[in-house]
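Dear colleague,

Please find the structure below, handed over for your review. My notes on its pockets follow.

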Amino acid sequence: MKIEVDKNGYYGEFGGAFIPEILYKNVENLRNSYLKIMNSEKFKKQYDQLLRDYVGRPSPLYFAERLSEKYNTKVYLKREDLNHTGAHKINNTIGQILIAREMGKTRIIAETGAGQHGVATATVCALMNMKCIVYMGELDVARQHLNVEKMRMLGAEVVPVVSGNKTLKDATNEAIRDWCCNPKDTYYIIGSTIGPHPYPDMVARLQSVISEEIQKQLLEKEGRDYPDYLIACVGAGSNAAGTFYHYLNRPETKFIAAEAGGMGADTDKTAATLTVGSKGVIHGSRTMVMQDKDGQIIEPYSVSAGLDYPGIGPLHSYLAGIGRSQVFAITDDEALKAAFQLTRVEGIIPALESSHALAVLDKKKFNPNDVVVITLSGRGDKDMDTYLKYIDKF
Ligand SMILES: *Cc1c(COP(=O)(O)O)cnc(C)c1O
């Protein structure tokens with residue numbers, strides 16, 4: 001059976017659009033517009049040009065020789081860390097702001113946890129001269145000071161959210177409330193493959209440039225356009241979705257998803273949704289959710305702010321459910337160890353999120369002839385405070 005989203009936004013039993021009545025029109029409007037816009041020559045031209053000249057794409061596919069030697073297999077790194085603003089998130093925000101502009105919207109809202117999506121959104125709003133409001137939990141505002149200052153410098157208004165736990169989930173609720181009240185001029189840029197249909201499909205398509213480039217680059221370097229394994233970290237799932245996208249129906253390539261184990265998936269300090277979650281609804285779609293027996297969301301934990309989410313995109317719930325992807329819950333310590341190793345072996349300081357994907361090399365044995373592509377979703381500048389705390393340990 002072909003792996004693809006159906007017209008109602010489902011991958012098998014996961015996905016859909018579970019939204020309050022008041023949002024129905026906004027979501028339907030987007031659902032009716034996104035493919036038409038994305039398939040237009042005008043959009044493709046603008047999107048491709050900005051990805052090339054503004055983001056710096058194609059991002060290199062780097063053969064990591066010393067890492068390959070160490071693990072006795074062929075390891076390539078897809079260098080999303082080299083993108084403008086330092087991660088894959090800009091691929092999505094560039095695409096969505098072009099869609100928003102085409103739909104006649106003038107005001108952009110977004111939610112952010114660690115602030116990475118907020119910065120990527122504020123960046124494209126500056127570029128396109130659009131008003132930008134970013135909702136962020138008050139606790140995260142305090143924890144992610146540098147990103148808050150970047151957003152302000154870029155001209156965005158950062159609204160601290162004081163309800164609930166004052167983190168990402170509460171910021172998302174506030175953004176949805178704003179969207180309800182301002183349906184005419186406002187476009188909501190969601191940062192990952194989550195939310196009601198069409199967001200998961202739209203974001204996966206915008207990030208699919210990652211696998212499109214991997215195909216071309218591998219053909220050049222290996223004489224075949226597919227790897228044996230693709231490895232990516234999953235928070236809500238957008239860099240992994242982009243990495244897997246053009247290989248979804250090519251079973252010769254196996255998928256590995258690295259989620260955040262935190263202190264361990266068997267402890268209550270974890271964000272390993274696929275490992276410990278159960279089926280439920282979160283932020284507009286049916287997917288795996290970390291919840292208690294009454295359906296209350298369990299607060300997630302990870303050393304990495306970008307993976308600290310109690311849900312996961314419906315595509316990944318589906319891929320894991322049918323056995324198309326293999327899932328590893330990587331602990332904080334395993335990710336930190338992998339971060340220090342990459343830094344010292346290859347001279348690349350990775351984002352903490354990406355380090356979860358790198359840590360899979362210590363968990364699974366690959367064959368000497370296997371071609372293993374790991375997506376390096378972002379750079380580690382933002383994580384230096386955390387790394388410095390552990391510098392004597394690794
Ligand atoms: C936000 C972020 C992630 C997690 O988001 P996904 O949607 O799961 O990709 C991973 N890596 C980096 C560098 C990030 O900034």
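The second largest pocket holds about 600 Å³ of space. A pocket here is an open set of points on a 1 Å grid over the protein atoms alone, where a 1.4 Å probe fits, with protein on both sides within 12 Å along at least five of seven lines. Points are joined across faces, edges and corners, and a volume is the space filled by probe spheres set on them.

This is a predicted model, in which local features need pLDDT of at least 70 and side-chain atom pairs count only at pLDDT 80 or more, while totals for chains, interfaces and linings use all residues. Residues are numbered from 1 along each chain as its sequence is written, and side-chain values use heavy atoms, with hydrogens and water left out.

The lining of the second largest pocket (residues with an atom within 4 Å of a point) comprises 45 residues, with Lys 89, Gly 191, Ser 192, Ala 236 and Gly 306 nearest the centre. Its largest share, 4 residues, comes from H8; helices (H or I, at least four residues) and strands (E, at least two) are DSSP runs numbered from the N terminus. By class, this lining has 20 nonpolar, 20 polar and 5 charged residues (nonpolar: Ala, Val, Leu, Ile, Met, Phe, Trp, Tyr, Cys and Pro; charged: Asp, Glu, Lys and Arg; polar: the others, Gly among them).

The largest pocket contains about 1200 Å³. Of its 47 lining residues, Ala 114, Gln 144, Ala 305, Lys 382 and Asp 383 lie nearest the centre. H7 gives the largest share of this lining, 5 residues.

Kind regards
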